[in-house]
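Reader: I have a structure open and would like to go through it with you piece by piece. Could we begin with the charged side chains and move on from there?

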Amino acid sequence: MLKRFFSLLAVVLIAATSQAKVRLPHVIGDNMILQQESEARLWGWATPGSTVDVSVSWSDKNYRTKTGKDGRWLVKVSTPKASYQPLSLTFDDGEPVTINNVLSGEVWVCAGQSNMEMPVKGFGNCPVEGYNDEVVNARQYRGIHYVKIPSVMRMTPQEDADCHWQEVSPETVGDASATGYFFAQVVNKALDVPVGLIMANKGGTRVESWLTKENLEKHTQEPTDSMGIVNFKREWDYHRAMLWGNGTFNPILKYTVKGILYYQGCSNVGDPGNQYSERMQLLVDQWRTQFDLGQIPFYFVEIAPYHYDDINGDAGARLREQQYIASTKIPNSGLVCTNDLAYPYEFTQIHPTQKRQVGQRLAYLALNQTYGMRNVWCKSPSYKDMKIVGDAVHIHLADDYGAISRFEDIQGFEIAGSDKVFHPAKAVHFWQPGGGYWDETIKISSPEVKEPVAIRYCFKNFQLGNLKNAGGLPLFPFRTDQW
């Protein structure tokens, strides 16, 4: 009888101990990077009504919180200045749990669809330029860590995801988002700080895939019940609304981050009117509200040239136009132009190989607009205004940084008269006196159009221009008509 009693007591003690152990979400673990000099949020689960103590290796300060009736707890800890010195954190609810090799640095989310998801090692039949070099050189970049959130669909918002942080090395670099990794390289080198990438994305997703049930019901006609979603006119499951946000993005919303990088849009090509730009604004507002970190930076990428079943069509161009409109309306945002980042033979390649430049240009935006490095030129030139002079159109560009870089053989312009028929146009530098200075414009003309009305630049699904600014950044495609 006594032996049975002690056996039962042992079972009870083991059960009590297992309940007392703090459980952390997978995104909080070994090798994680904390946002430097912030009040970083840490959270998890423990026995309801218990006390959780959090101690950190960089400070004598201890943090204490009580769990709620549901066992959830959250604390905010003051993080140190960025450093490559490994740190540790201990969570204690009767049985301590310690995570190690934690760094303090800059944390960015990599969101969007397949061109953000695309790893350094590429996809099948979709290589990333320079893969071998990145494997060989991976050890040159200290303190770049990443975590990939599994891409899953869920009907309800998830609080955890099966993931773990990785240190970049020759063995792990191939699985990192190529765009995110090349961004991290530049930030790491320029600021000499660790960089953490949280990769929460899914190939093929639409902007609606990441909107919440509440936003979808209020602002769209998308169904939000399971049968409605399954039966709605979407050819592929990765086009489905809400589900990817619930399963893939929601688990990271308590994490303290610096900003969001976003590369998405191909699956929304063909959307009517201003729908895409309006829903982009809605998504950014939603994410900023959910992260509860203020107006965090949002830097995103223009979809690259692609045929969309008709090289000379303009459905892709109209989506790029919507992205540009969104960039002018979303505060603390920036858009990367990719008009020059597809090779001529890639007109049927939805995943262009040049990802290094995409990540670099995102980093230039962050360095200038977020980190205050004003000498980094980060903006692509854009159309400013036009004037019809005889049989030609004169235009000015914004954000040229004092130079328009291509002096001869400018490609990509078209011109039309009132018949709305566009013809390839000749574009040349043109100087004219104005108010005591020489006003530099671009003069656009065609012998086929005697009375011009409108011009376009690379306003086709797949058309590569070659006009850039002093920073080597390409001119945004545009049109002056609304036809």
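Reader: How many salt bridges does the count come to?

Author: The count comes to 18 salt bridges, and please keep in mind that this is a predicted model. One of them joins glutamate 208 to arginine 206, with the closest N and O atoms 3.2 Å apart.

Reader: Are glutamate 208 and arginine 206 buried or exposed?

Author: Both glutamate 208 and arginine 206 are buried. For arginine 206 the relative accessibility is 6%, and it counts as buried because that value is under the 20% cut-off.

Reader: And which aspartate forms a salt bridge with arginine 206?

Author: That is aspartate 271, where the closest N and O atoms of the pair are 3.5 Å apart.

Reader: What about the salt bridge between aspartate 409 and arginine 406, and what is its N to O distance?

Author: The side chains of aspartate 409 and arginine 406 meet at 3.7 Å, N to O. Aspartate 409 is partly exposed, with a relative accessible area of 46%, and arginine 406 is partly exposed as well, with a relative accessible area of 35%. Returning to arginine 206, salt bridges that share partners join Arg206, Glu208, Asp271 and Arg279 into one network.

Reader: Staying in that loop, where is tryptophan 210 placed, and is it buried or exposed?

Author: Tryptophan 210 is in the loop between strand 10 and helix 5, and with a relative accessible area of 2% it is buried. Its side chain makes a polar contact with the side chain of threonine 205, at 3.3 Å. The C-alpha atoms of tryptophan 210 and leucine 243 are separated by 7.4 Å, although these two residues are 33 residues apart along the chain.

Reader: Let me switch to the strands. Which residues of strand 12 are buried, and on which sides?

Author: Strand 12 (residues 298-301) is covered on both faces, with Phe298 and Phe300 buried on one side and Tyr299 and Val301 buried on the other.

Reader: How many bridges join strand 11 to strand 12, and is the pairing parallel or antiparallel?

Author: Strand 11 (residues 259-263) is joined to strand 12 by 4 bridges, and the two run parallel; within this pairing, isoleucine 260 stands opposite phenylalanine 298. Together with helix 8 (residues 275-291), these strands make a right-handed β-α-β unit. From strand 12 the chain then crosses through helix 9 (residues 315-329) to strand 13, and this β-α-β crossover is right-handed.

Reader: And how do strand 12 and strand 13 pair?

Author: Strand 12 and strand 13 (residues 333-336) pair in the parallel sense over 4 bridges, with phenylalanine 300 standing opposite leucine 335.

Reader: Where do I look for an antiparallel sheet?

Author: There is an open sheet of 4 strands in the order 18-17-21-23, with antiparallel pairing. Its edge strands are strand 18 (422-424) and strand 23 (478-479), each of which pairs on one side only. Strand 17 (residues 413-416) and strand 21 (residues 454-457) pair over 4 bridges, and in strand 21 the bridge partner of glutamate 414 is arginine 456.

Reader: Now the core. Which residues in the largest nonpolar core touch the most other members?

Author: That core has 71 residues, and Leu42, Phe91, Phe249, Tyr255 and Tyr262 touch the most other members. Leaving out residues up to four places away in sequence, leucine 42 touches a list that includes Ile28, Met32, Trp73, Leu89 and Phe91. A second, separate core of 41 residues includes Phe182, Phe183, Leu365 and Ala366.

Reader: One more residue: what is serine 38 in contact with?

Author: Apart from its neighbours within four places in sequence, serine 38 is in contact with Val77, Ser78, Thr79 and Thr256. Serine 38 is found in the loop between strand 1 (33-35) and strand 2 (39-45), and it is buried, with a relative accessible area of 15%.

Reader: Finally, what does the secondary structure come to, and how much of the protein counts as buried?

Author: The protein has 10 helices and 23 strands, and 54% of its 483 residues count as buried. The C-alpha trace spans about 105 × 50 × 40 Å along its principal axes.

Methods
Residues are numbered from 1 along each chain as its sequence is written. This is a predicted model: local features need pLDDT of at least 70, side-chain atom pairs count only at pLDDT 80 or more; totals for chains, interfaces and linings use all residues. Side-chain values use heavy atoms; hydrogens and water are left out. Buried means under 20% relative accessible area, exposed over 50%, partly exposed in between (1.4 Å probe, protein chains only). Two strands pair if DSSP finds at least two bridges between them. A crossover is right-handed if, with the strands pointing away from the viewer, the path from the first strand over the helix to the second runs clockwise. A nonpolar core is a set of buried Ala, Val, Leu, Ile, Met, Phe, Trp, Tyr and Cys residues joined through side-chain atoms within 4.5 Å. Contact means heavy atoms within 4.5 Å. A salt bridge is a side-chain nitrogen of Lys or Arg within 4 Å of a carboxyl oxygen of Asp or Glu. A polar contact is a pair of N or O atoms within 3.5 Å; within protein, one must be able to donate a hydrogen and the other to accept it, and residues adjacent in sequence count only if both atoms are side-chain atoms.
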